[in-house]
Amino acid sequence: TGHPGVGKSAIVKEVAERVWSLAQDVDARCYPLVKSAEEFASTLTWALEDDFGRARSYWHGSDLLGVCCLFVDEKERYAQLIALYAWDQFRQVTDSFLSWIGEEYPAYTIDAGIAWENARVAGALVRYGYCIVDDCIELRHALPFGDDAANGDEAVQALSEGSAFGAYAALHDAWFPGLYWNAKRLSETPDGWVIL
């Protein structure tokens with residue numbers, strides 16, 4: 001996606017700054033949570049360049065109004081919405097993105113994670129036939145860092161063969177049955193995952 005006469009790096013920077021501005025408001029957050037404009041610029045670059053990534057921007061004339069990014073596994077007919085942000089004309093922009101997803105990925109399992117406070121995106125998803133699978137488990141918790149942290153650094157481990165993943169794997173699949181990101185997939189893509 002892009003706009004004639006505007007370079008890709010300039011668009012990525014502009015989108016990242018706008019998304020970061022929105023993502024600081026809990027009412028606009030999607031999962032995964034955005035931690036900085038630079039982090040979202042990396043996510044957007046990945047979505048534009050990786051075989052599993054998809055990114056769309058919405059333009060009205062020369063004005064950029066929103067962005068949508070997906071993780072897509074065509075073999076498994078699975079897509080995960082990883083960003084849906086609109087800073088102007090919210091309904092028109094989100095309707096356009098959700099229509100595109102429905103047309104491009106029919107009969108796919110599509111997951112979308114948002115903060116429960118994000119009522120506008122939740123409403124748009126419901127209008128487009130998405131159903132709420134989980135709205136009661138709160139997984140956002142502060143971690144106990146500092147002198148009083150239980151087991152110190154051993155409480156947080158990178159996902160690897162030498163880690164406690166085997167003990168966690170059975171719990172993960174029991175807690176989240178049928179989830180695309182099951183224990184087997186997590187073990188095959190360890191970068192970016194940690195065990196608490």
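1. Over the ring of which residue does the charged end of R120 sit? It is F90: the charged end of R120 lies 3.8 Å from the centre of that ring. R185 makes a contact of this kind with Y180, its charged end sitting over the ring at 3.8 Å from the centre. A charge sits over a ring here if NZ of Lys or CZ of Arg is within 6 Å of the ring centre and within 35 degrees of the ring normal.

2. A word on the basis. This is a predicted model, in which local features need pLDDT of at least 70, side-chain atom pairs count only at pLDDT 80 or more, and totals for chains, interfaces and linings use all residues. Residues are numbered from 1 along each chain as its sequence is written, and side-chain values use heavy atoms, with hydrogens and water left out.

3. Helix 4 spans residues 119-127, and V121, A124 and L125 are buried in it. Buried means under 20% relative accessible area, exposed over 50%, partly exposed in between (1.4 Å probe, protein chains only). Seen down the axis of helix 4, its buried residues fall within an arc of 100°, so they line one face of the helix. The arc is taken from the directions from the helix axis to the C-beta atoms. Helices (H or I, at least four residues) and strands (E, at least two) are DSSP runs, numbered from the N terminus.

4. What covers that face? The cover of the buried residues of helix 4 includes strand 3 (78-86), helix 3 (90-104) and strand 4 (109-112). Contact means heavy atoms within 4.5 Å. Just after helix 4, G129 takes a positive phi of about 90°.

5. The structure holds 12 aromatic pairs. Rings of Phe, Tyr and Trp (its six-membered ring) pair if their centres lie within 6.5 Å; planes under 30 degrees apart count as stacked, over 60 as edge-to-face and the rest as tilted. One of the pairs is F40 with Y85, edge-to-face at 6.3 Å centre to centre and 80° between the planes. The pair links distant parts of the chain, 45 residues apart: F40 is in helix 2 (residues 37-49), Y85 in strand 3. F40 is buried at 3% relative accessibility, and Y85 is buried at 2%.

6. Y58 and F97 also pair. Their ring centres are 6.4 Å apart and their planes at 85°, so the pair is edge-to-face. Y58 lies in strand 1 (residues 53-60) and F97 in helix 3, so the pair ties together parts 39 residues apart in sequence. Y58 counts as buried at 14%, as does F97 at 2%.

7. Finally, a cluster: ring pairs link W46, F52, F71, Y78, Y180 and W181.
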